[in-house]
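Please read the points in order with the structure in view.

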Amino acid sequence: MTFLSPAPVQAAPTAARFDAERVSNRFGLAFALGQVAVLVAMAVLVLPHAGSPTDPALQRGQSVHAADAIYRAGNYVFMISGSLLLGFLGAVHARLRRIDPSQTLATVATAAGALLALIWPLAGMLHDVALETGAAGADLRILAGWDAVAPFSLAFSVFARVFFIGAIVLALRAAGGSTWLVRSGVVLIVLALVGSATLVAGALFPLLALSTLGYELWVGALAWHWLRSR
């Protein structure tokens, strides 16, 4: 008597697990690339319309008013690219929480990162308010003064940036992570603190701008490091 063996039961295909942390790290890369690209575009396409800082205030205001549409578009793109940092905070919180069970570092970094994602894009919105004021018939010299909202907001954001980078650097050091990320993070903190004095001495703005570019590239390098380390 021949017995037929039952046909093997095939297991149902396992669906790929959604890796939210990996997606969050990609937001960090997108933030860095987006910010650098927008900075270059603004420097080449938008800022030349403002004229020289030594030009009379009325002349500068008239130049900005004439390029109203370009400034609004630039501010809008800046708001979008700056807000991408919010997507990266998920990975920051998850990583730091695993390293520091007390969640102290994760809390500090997440709170500081949320402020960073607000302050810099907010500067673009405030500048739009100034453009709207000029378009409504106000003295155009006000637009020359409102150009300071960008460097002043950037200088103000340094204080949140120091806590953001500092918490991550402490976590990387505790975990025995990338030495160059730790060292470069410390250098960026020092440069940013000196550059924050742009609020009282405008001559320090180049240092502030340099530290900001370095910070954005550092975030991108950090996100890439975490993507590869997984």
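1. Two residues are said to be in contact when heavy atoms of theirs lie within 4.5 Å, and a residue is buried when its relative accessible area is under 20%. The model discussed here is predicted.

2. The secondary structure consists of 9 helices and 0 strands. Along the sequence, the chain accordingly reads α-α-α-α-α-α-α-α-α.

3. As to overall dimensions, the chain has a radius of gyration of 23 Å, whereas a compact globule of 230 residues would have one near 17 Å. Its C-alpha atoms occupy a box of roughly 105 × 40 × 25 Å along the principal axes.

4. Which residues of α4 are buried? They are L85, F88, L89, A91, V92, A94, R95 and L96. These buried residues pack against five partners: α1 (20-46), α3 (68-83), α5 (104-135), α7 (149-174) and α9 (205-229).

5. Across the chain, 41% of the 230 residues count as buried. Of the contacts between residues at least 6 apart in sequence, 77% join residues at least 24 apart.

6. The accessible surface of the chain amounts to about 12,400 Å², and carbon and sulfur atoms account for 70% of that area. The chain carries 14 positive and 10 negative side chains, with the centres of the two sets 17 Å apart.

Note on methods: Residues numbered from 1 in each chain as written. Predicted model: local features only at pLDDT ≥ 70, side-chain atom pairs only at ≥ 80, totals over all residues. Heavy atoms only, no water. Buried < 20%, exposed > 50% of the residue type's maximum accessible area, 1.4 Å probe, protein only. Helix = DSSP H or I, 4+ residues; strand = E, 2+ residues; numbered from the N terminus. Rg over C-alpha atoms; globule rule 2.2 N^0.38 Å. Areas by Shrake-Rupley, 256 points an atom, 1.4 Å probe, with all protein chains shown as cover. Lys, Arg positive; Asp, Glu negative; His and termini not counted. Charge placed at Lys NZ, Arg CZ, Asp CG, Glu CD.
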